[in-house]
Amino acid sequence: MAKLIIEGGRALKGQITVQGAKNAALPILAAAMLIPEPVRIGNCPRLTDVEHMAGLLRALGCRADWTGDGLVVDAGCARTAALPEDLAGSIRSSVFLLGPLLGRFGAAEAPYPGGCDIGNRPVDLHLKGLRAMGVKVDEASGRIRCLGRPRGTEIALEYPSVGATENLLMAACGAEGDTILVNPAREPEIDDLMAFLNGAGFDLRREGSSRIRVRGGRRGHGTAHAILPDRIEAGTYLVAAAITGGHLVLRGARKEHLSALLTALKEAGCRIRSEGTDLDIEGPERPRELRRLVTLPYPGFPTDMQSQVFALCTVARGTSVLEENVFEDRFRHGAELVRMGADCFIRGRSAVIRGVKSLHGATVTARDLRGGAALALAGLRAEGITVVEQAERIDRGYVDFAATLRQAGAAIRREDD
């Protein structure tokens, strides 16, 4: 168990370089299973979730070795299509391996995936799509067993699920015939996965914003690919500057992937300038309220930034309203922020936050990855000492979180029991 100890009241100043995106790295690592030759995945963040995915690949017989800022994966020696319970059950992204295993071996077996407890995140869209591709799916005894090589077809997703889109695209690469995915997710991480697969010899193309066509029957080959910058990590540090009234420059950020968040931060009173891949943000002495912010699939406001902006709103002038439309149990950080003096009311998928002039330090618990980051940001603003327990959950999405904030002037340290 780990905890973060934060002395609040310091405005952040300096520069932070954005790491590679966790949410792009995980499906790309899974996609390496489709390719019987070595691939190099550069700008790969060394996160616990990434280490878990690399462990899953090794358990399947692959080689996965760190070299500098990247992972080299050789799936040519993979020999099994069954994921081990102990590894796969701890990470939700283990489900991404179903599509690549089916495309490679015509079979896949996995336990139901784990991950953060932020509400119901069923895999029914994944499995419904695989069934539409002719795969036999059995969900008995708490495991998912899939049999049969996928066949190209047209699949219309009821909801633009990121995970289902990625899984079905990977299955389609190993399918016989062409697959058309209707209503796919539009997140930048989808396009990064497609760029990796295209570089490896597959053929995936967007047809407007509502369709992706995958031409099946191709054999993958070795390639090198650099993961795109993490827009959620970048967003978290932007909010860190905003909540502390600080001034940060983010190196390697992509403004075009952060439009919804930048709009919200400007509404809150931040000054933001961009030059190339640098973002320069100056936070106000005290932020303004956000009258209504709604989480939606990309290009809407990202659910993975809701917790951090919730923390910002606790010290804003006026009353803010946040609506969570992606996950139904993603306000658990609210009760922890109340321990720090926040004034908020939560009902269902809506939160009403009446900003207070100042928060006070307290001992709080990280219930999930992004909620834990939000508590740390609140601690940066609070008077006194804040202790964030179960901080190892934050490791799932941020590389050296405390050290990164410390280099920007935060008084924060990590202790491991």
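This is a predicted model: local features need pLDDT of at least 70, side-chain atom pairs count only at pLDDT 80 or more; totals for chains, interfaces and linings use all residues.
Biologist: How is a pair of aromatic rings described?

Modeller: By the distance of the centres and the angle of the planes. Rings of Phe, Tyr and Trp (its six-membered ring) pair if their centres lie within 6.5 Å; planes under 30 degrees apart are stacked, over 60 edge-to-face, and the rest tilted. Residues are numbered from 1 along each chain as its sequence is written. Local features need pLDDT of at least 70 and side-chain atom pairs pLDDT 80 or more, totals for chains, interfaces and linings use all residues, and side-chain values use heavy atoms, without hydrogens and water.

Biologist: How many aromatic pairs does a search of the whole structure find?

Modeller: Four. One of them, Phe310 with Phe331, is tilted, at 6.0 Å centre to centre and 55° between the planes. The pair ties together parts 21 residues apart in sequence, because Phe310 lies in helix α10 (residues 306-313) and Phe331 in the loop between β18 (319-323) and α11 (333-339). Helices (H or I, at least four residues) and strands (E, at least two) are DSSP runs, numbered from the N terminus.

Biologist: Are Phe310 and Phe331 buried or exposed?

Modeller: Both Phe310 and Phe331 are buried. Buried means under 20% relative accessible area, exposed over 50%, and partly exposed in between (1.4 Å probe, protein chains only).

Biologist: What do ring pairs link into a cluster?

Modeller: Tyr237, Tyr398 and Phe401. Tyr398 has a relative accessible area of 2%, and Phe401 has 4%; Tyr398 is buried, as is Phe401.
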